[in-house]
Amino acid sequence: SPGEAGYETMIAEIRDIRLEDGTLVTLGARSRITAEFTDTMRVVVLQEGEAFFDVTPDPDRPFYVAAGDRMIRVVGTRFDVRQAQETVRVAVVEGVVEVLQALDPIEAERHRSQSVGEVLRAGDEVVTRIGSAETTLGVIEPEKAAGWRRGWLSYENASLAEILADTHRYSSRRVVFASDDLADLRVTTSFGIEKIDQFILGLEASHGLVADYSDPDRVLLSRPE
């Protein structure tokens, strides 16, 4: 639409984007955003994937990031947003961020004083479930947030489905499950984005899984028979 700009990255591509107000967006692999600025508001929609925002302060124009059914509101700060199939995660490195359950930034701003949301500060993290009010609060080390910008993926008690969804943004070879129950397996791990095969080897060793590489386009994970 007029005044709207769109950006996207391919598999394994990480890209820095400077928006018209000076805000720097680092767009993760296989991710998409649109940005639209007016005289009263700045709005970025994260349509897919992950992005890190270093927002230029402007008290007269709040900055909104729309992800899933959440609106993240800031004036000037640094934070990471990841949209998965069922969840939205926000991690704050610097400043203050409000996470509101809303679909429209104009309505969110108009009714902000009446809205119930999460107020996050540096070191705070929230994971929200799309389609519900369910939220899980956590803490992070701000200097280690958004490790993907440095080629590193880290997880604590994350589902295997969430981890593999991220790896699919860095590798064209997909990892699939032989049985649906493997998707909910909880895993704590860290690995480089170019070391996905080593991560799978670790799963075989630590969780007793078996990886079948016979198909050149995918890896099939299963439990031993």
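Pro224 lies in the segment that follows strand S18 (218-222), where strands (E, at least two residues) and helices (H or I, at least four) are DSSP runs numbered from the N terminus. The model is predicted, so local features need pLDDT of at least 70 and side-chain atom pairs count only at pLDDT 80 or more, whereas totals for chains, interfaces and linings use all residues. Residues are numbered from 1 along each chain as its sequence is written, and side-chain values use heavy atoms, with hydrogens and water left out. This briefing covers selected positions, salt bridges, a helix pair and backbone angles.

**Selected positions**

- Pro224 counts as exposed, at 53% relative accessibility; the term exposed applies over 50% relative accessible area, buried under 20%, and partly exposed in between (1.4 Å probe, protein chains only).
- Not counting residues up to four places away in sequence, Pro224 touches Gly208 and Val210, a contact being heavy atoms within 4.5 Å.
- From C-alpha to C-alpha, Pro224 and Arg121 are 45 Å apart in space, and they are 103 residues apart in sequence.
- Gly192 belongs to strand S16 (residues 186-192) and counts as buried, with a relative accessibility of 8%.
- Setting aside neighbours within four places in sequence, Gly192 is in contact with Gly151 and Trp152.
- Ser179 is placed in the loop between strand S15 (174-177) and S16, and at 26% relative accessibility Ser179 counts as partly exposed.
- Ser179 and Thr23 are 156 residues apart in sequence, and their C-alpha atoms are 43 Å apart in space.

**Salt bridges**

- Side chains of opposite charge can pair when their charged atoms come close.
- A salt bridge here is a side-chain nitrogen of Lys or Arg within 4 Å of a carboxyl oxygen of Asp or Glu, and by this rule the count comes to 20 salt bridges.
- Glu162 is partly exposed, because its relative accessibility is 24%, whereas Arg82 is buried, because its relative accessible area is 10%.
- Asp166 forms a salt bridge with Arg169, in which the closest N and O atoms are 3.3 Å apart; both Asp166 and Arg169 are buried.
- A network of salt bridges links Glu50, Asp80, Arg82, Arg89, Glu125, Glu162, Asp166 and Arg169.
- Another salt bridge joins the side chains of Arg61 and Asp58, at 3.1 Å from N to O, and both of these residues are buried.

**Packing of H2 and H3**

- H2 and helix H3 (residues 196-207) pack with their axes 11 Å apart and at an angle of about 160°.
- The axes are lines fitted to C-alpha atoms, for helices over the stretch in contact, and the angles run from 0 to 180 degrees between N-to-C directions.
- H2 and H3 are therefore roughly antiparallel to each other, a term for angles over 145 degrees; under 35 counts as roughly parallel, 65 to 115 as roughly perpendicular and the rest as oblique.
- H2 passes H3 in a left-handed crossing, meaning that the near helix is turned anticlockwise from the far one by less than a right angle, while clockwise would be right-handed.
- On the H2 side the contact is made by Leu160, Ile163, Leu164 and Thr167, and on the H3 side by Ile196, Phe199 and Leu203.
- The residues of this contact comprise six nonpolar, one polar and no charged; Ala, Val, Leu, Ile, Met, Phe, Trp, Tyr, Cys and Pro count as nonpolar, Asp, Glu, Lys and Arg as charged, and the others, Gly among them, as polar.

**Positive phi angles**

- Most residues other than glycine have a negative phi.
- Ala12, a residue other than glycine, has a positive phi near 70°.
- Ala12 is found in the loop between strand S1 (4-8) and strand S2 (15-18), and Ala12 is partly exposed, with a relative accessible area of 46%.
- Asn157 is not a glycine either, yet its phi is positive, at about 55°.
- Asn157 sits in strand S14 (residues 152-159) and is partly exposed, with a relative accessible area of 45%.
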